[in-house]
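Me: I'm new to this one. Can you walk me through it?

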Amino acid sequence: MDFMLQVMDKEPSLRAIWTGGVVLGLVGYAAVRFRRWLVIPALALIAAAAWTQLGDLLDPHLGPAIMHEAGGSYVGQAGAAVALAVILCVLGLAPRRAV
């Protein structure tokens, strides 16, 4: 029971998660606009970052402790930040408008 009180000390804050999501999304967007094939490495980078930062949520012992201490909004916002990064990266694939 003692580990439940100490679990969020080692997890990234929501500010760090959102900043990482926005930065990775914008870098991915710029890279994909530069070269379309860079969508694969950009999405792989986003997936690796999400896994390393948020992989503890899937742990059978740590996941429930994080949910208990941080609440469901932490998990929801973490997922939303990852989704934002993916969406921004994929938006880079949109065709450029002719001027």
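Reply: Axes are lines fitted to C-alpha atoms, for helices over the stretch in contact, and angles run from 0 to 180 degrees between N-to-C directions. This is a predicted model, where local features need pLDDT of at least 70, side-chain atom pairs count only at pLDDT 80 or more, and totals for chains, interfaces and linings use all residues. Residues are numbered from 1 along each chain as its sequence is written, and side-chain values use heavy atoms, with hydrogens and water left out.

Me: How do the axes of α2 and α5 cross?

Reply: At roughly 10°, and the axes of helix α2 (residues 14–34) and α5 come within 6 Å. Helices are DSSP runs of H or I, at least four residues, and strands are runs of E, at least two, numbered from the N terminus. The crossing makes α2 roughly parallel to α5 (angles under 35 degrees count as roughly parallel, over 145 as roughly antiparallel, 65 to 115 as roughly perpendicular and the rest as oblique).

Me: And what about α3 and α5?

Reply: Helix α3 (residues 39–54) packs on helix α5 (residues 72–91) at an angle of about 170°, with the axes 10 Å apart. They are therefore roughly antiparallel to each other.

Me: Which residues of α3 make the contact?

Reply: Val39, Ala42, Leu43, Ile46, Ala50 and Leu54. Contact means heavy atoms within 4.5 Å.

Me: Different topic. How many helices and strands are there?

Reply: The protein chain has 5 helices and 0 strands.

Me: What box do the C-alpha atoms fill?

Reply: Roughly 60 × 20 × 15 Å, along the principal axes.
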